[in-house]
Structures are given as C-alpha cells and as structure tokens.
Amino acid sequence: MSSPRKLVTDLCQILLVLVPMAIIVFTAAGCSEKSEQAKNAEANTADVARKELDTESKGPPNIIVILADDLGYGDISVTGGRVKTPNIERLAAEGMRLTDFHTSGVVCSPTRAGLLTGRYQQRAGIPGVIVADPSGLTHENGLQDREITVAELLQKEAYDTAIFGKWHLGYDPLYSPLNNGFDKYAGFVAGNIDYFSHIDQSGKHDWWRDRELNVEQGYATSLINDYAVKYIEQSRSTPFFLYVSHAAPHYPYQGPDDSAERQAGAQFEVYSADGDVQATYREMVLEIDRGIGDIMRALERTGQDKNTLILFFSDNGANEYGSNAPYRGYKTTVWEGGHRVPFIARWPSKIPADTVRSQLSSSLDVMPTIMDIVGIPIVDAPALDGSSIAPLLYGERGNSNRQLYWNGVAMRDGDWKLVIADGKPKLFDLSSDPGELNDLSTSNPQMVTEMLAAIRAWQADISTDMTQQPVPLPQ
Ligand SMILES: [Ca+2]
C-alpha cells in the first residue's frame, strides 16, 4: 500500500477516536438534560466528521458491482419499466445511467466470464451456460487458471475482494471464486437454486462459504444483501472490490415470504411457476432494490460513500415472465431485448448526478474501466475486448462509433444492428427503429456485406488461442 494511502488511513483512525471523544466532552460540558440545540450540534458534529472521513478518502476507490440475474430493460421504473424500485431510482438520481449498455452474452455464464475477464467469453471457452446436470456436456467446464480476472488484478493492488451470490463459472471446487481472485465467498455455483433450501436444478445442495459447502438459513437475495452490508461495515482501512451477484429475478419464482420447494434428490418443478408469477417476480425485484438501499446506507454510515463506485446492471435480458420493453426479444436471443440491459454507475465524488448517456457500451468495458480508475496498465497480452468508459462516466464525451458482437450471429456497428435470423441477415437502424422491426437489408446491401465480413473476422479472431476446456464443445 502506498504511503499517502497509509496517511489517509492513519488520519481516519485518529478521527474515529477523536470524534467520539469530542462528542463525549461536548455532552459532559452541557446540561444533564440535552436541549434540542445540543442534540442538533451533536448530530452536526457527527455529520461533519463523517463528511471529513469521506472527503479525506482520496485513495483508490472501493468498487461494488451489483449484478441482477435476468432483469430486463422494462422490468424497473428507472428505465420506464413496471416495478417501482425507489432505491435503484435513487442510485440513478445520484449517478449516471447508460441507455445503450449491453451484456456480452445472452445467458448467465457467458456474460459472467466476459465481465470478469474483459474479453469475449468465447475466448475463455465459455460460450454457453455451464449446466448443473452432471451428465450435461458443459458440467465439467469452468473458468480456467490461465484467465486473468479483474479480481486477481485488484488483489495485486492490495484490494480486499469478495463475491456474494451466484458464481456460475464452474462446479468443480477447482474453479472456486477463491481460485479466481476473490478472498471471500458466500453463495452458490449453479445457474439457479431454490431461494430457501439452496438446492440446485440437479437436486444438490449448493450454498458455499469460501471453500466449504455450508448450510445456511435464509432467502437467497436477503442473504446476499446482508453479506454485502456486513462486508461494507467491516471494511474501513483497505479499498475493496465487492461483487454482489444476485440470483433474482431468475427462476425458481419464489418471493421472500414463500417457502422451500426443492428438496435434495427429490423431484420438483424447476420454475416453481405456480400462483401469481407476476406478483412473485415483483417481490423478487423489490428485494434486490431493498438491498441496494441498504448498501448505500451502509456506505454512508461508514463514511465510505463518496469514494465508492457502484456499478449496477443485469447479466442478460429478461425471459418471457419479465419485460425488455421497448426492445424486441428475450434472454437467449440476440435481439436487443436479449442483451440490452439497465446500467447505472454511481460515484458521488466523480460521476455527475442525475445524468443519462446514450453511448454504446458493454459489460466487457467493466474490467478495463476498473483498471483505468485504479491505475492498472492495460497491456496487449491478453488483449482486452472492452475499453474504459471512465471518461464517459466522468461526464466527458463518449464514443459510440464502435462494434459489438453476439455469438457470431449479431453485431452492432454504432446505431446499425445486423442479426442473422432464419439463416438470413437482417439489418436495422436503431436510431429510428429501436424495436428492430424494419429490415433494411435489401436497400443496404453494401452495409450487409461489410457487417457479415466483420462477423466472420470476429469469429476467426476469437478462435485464435481459445482456452481449452475439459469437455470441448462441438464446433
Ligand atoms: Ca442470467
């Protein structure tokens, strides 16, 4: 740790001792029954101390990534969606919202691999979901040793690192988050678990504490929120990287007041889609929202608010139970609804409040952005596919003139989108047709030819030096 950081740490510790002492002296000097004025003065003293702690925090920022699972663009009120989520609204009101932010995958594992490595997930050999079924093709696969994760880089910068929630990057303990840059872990490795019994889709218990399976009572989303808040409360002197990886609103559809439906080894309904699924879905989203409020308050309480960057987004679009309005398609598809997700960045000392930007950006940008902010050099090997959006977040002009690719069957080139559907290329101008309804391929053959060539070049590029998995996927 650098000496200026040590100085700040020491100063914080001195303040932590002196401020309560000042309050005691102030209280003792006053009358035995506190006047309203004295109470206000006391509160102000505490506020000033807290603000001083915050403004003194000039060292590397804390970084919190809050990832929702299958939350669609039209699911929450901040993007004009259906569930009123006041804490997510507050996050946006105090930060920046990006309206053209995309995940690199259209299902869970791929986006998570891309997020943690800053490279298209195909390079890591994780183009699809890693399945819970032990006889499934990809069950033995995971995030291999050779991958460099953003958590590993931050560990080298003396960050404390933790993940609470869904991993979904390998079932074998070999692929544990603790082998991939995280100091602490509580959560599950599968794509989904029963929110109460923590049984995965293949009937196995799946709730871990670091490297051990751990029976723990509680509703998964609340547990993840509580772990995050406790972690923030205990982290004061060292910068931290906290990955809050929610299960919700991914199935099984269970709200906080429901009960367990899966039992180990027994038959069960995977979706639990009985009763009023829409009401349950809403409750699941609200519990994420509640946790975001708790996280912001924990940061304020501990004087870490100003120097903490929060990034909030989803790992892919919603399925048919959710909403991706106004965009077309669902999770698993390469229409905008499959990968265009809500995104908010909040960092009170750096990011202008209540701002909205429309620059094209990607979950692949998260790792290079964090590296840029922390001052970790970006080197050529391994080359990252994302690029830093820190200047955009600071309020500078961003760059939308870029290309993004999905699974070799879709690409964005600025506002142009090409989708290969039913074996045919279809072309859309999203600036006038965000719903991808008006195919312009016949009137723009040159554009189609160029974008198809770009997709072929992308496929050739990601096939170079692709990480080998124990079970190779059919080409
Ligand atoms: Ca997902």
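**Figure 1. Gly165 and Gly187 in a predicted model.** Gly165 stands opposite Gly187 of strand β5. Strand β5 (residues 184–188) runs parallel to β4, and five bridges join the two; strands pair if DSSP finds at least two bridges between them. Strands are DSSP runs (E, at least two residues) and helices are DSSP runs (H or I, at least four), both numbered from the N terminus. The model is predicted: local features need pLDDT of at least 70, side-chain atom pairs count only at pLDDT 80 or more, and totals for chains, interfaces and linings use all residues. Residues are numbered from 1 along each chain as its sequence is written.

**Figure 2. Strand β4 and its pairing with β8.** Of the seven residues of β4 (residues 160–166), six are buried, so this strand is largely enclosed by the rest of the structure. A residue is buried if 20 or more other C-beta atoms lie within 10 Å of its own, exposed if 12 or fewer, and partly exposed in between, with C-beta atoms placed from the backbone. Six bridges link β4 to strand β8 (residues 240–245) in the parallel sense. Asp160 has Phe240 of β8 as its bridge partner.

**Figure 3. The open sheet β13-β14-β15-β16.** These four strands, in that order, form an open sheet with antiparallel pairing. Because β13 (403–406) and β16 (424–429) each have a single partner strand, they stand at the edges, and one side of each is left without a neighbour in the sheet. On average, neighbouring strands of this sheet are turned by 15 degrees against each other, direction ignored. Strand β15 (residues 416–421) pairs with β16 in the antiparallel sense over six bridges, and Ala421 has Lys424 in β16 as its bridge partner.

**Figure 4. Packing of helix α3 on helix α7.** Helix α3 (residues 86–93) packs with helix α7 (residues 277–301) at an angle of about 50 degrees, their axes being 7 Å apart. Axes are lines fitted to C-alpha atoms, for helices over the stretch in contact, and angles run from 0 to 180 degrees between N-to-C directions. This makes α3 oblique to α7; angles under 35 degrees count as roughly parallel, over 145 as roughly antiparallel, 65 to 115 as roughly perpendicular and the rest as oblique. Pro86, Asn87, Ile88, Arg90 and Leu91 of α3 meet Asp289, Arg290, Ile292, Gly293 and Met296 of α7, where contact requires C-beta atoms, placed from the backbone, within 7 Å.

Conventions. Two residues are in contact if their C-beta atoms, placed from the backbone, lie within 7 Å.
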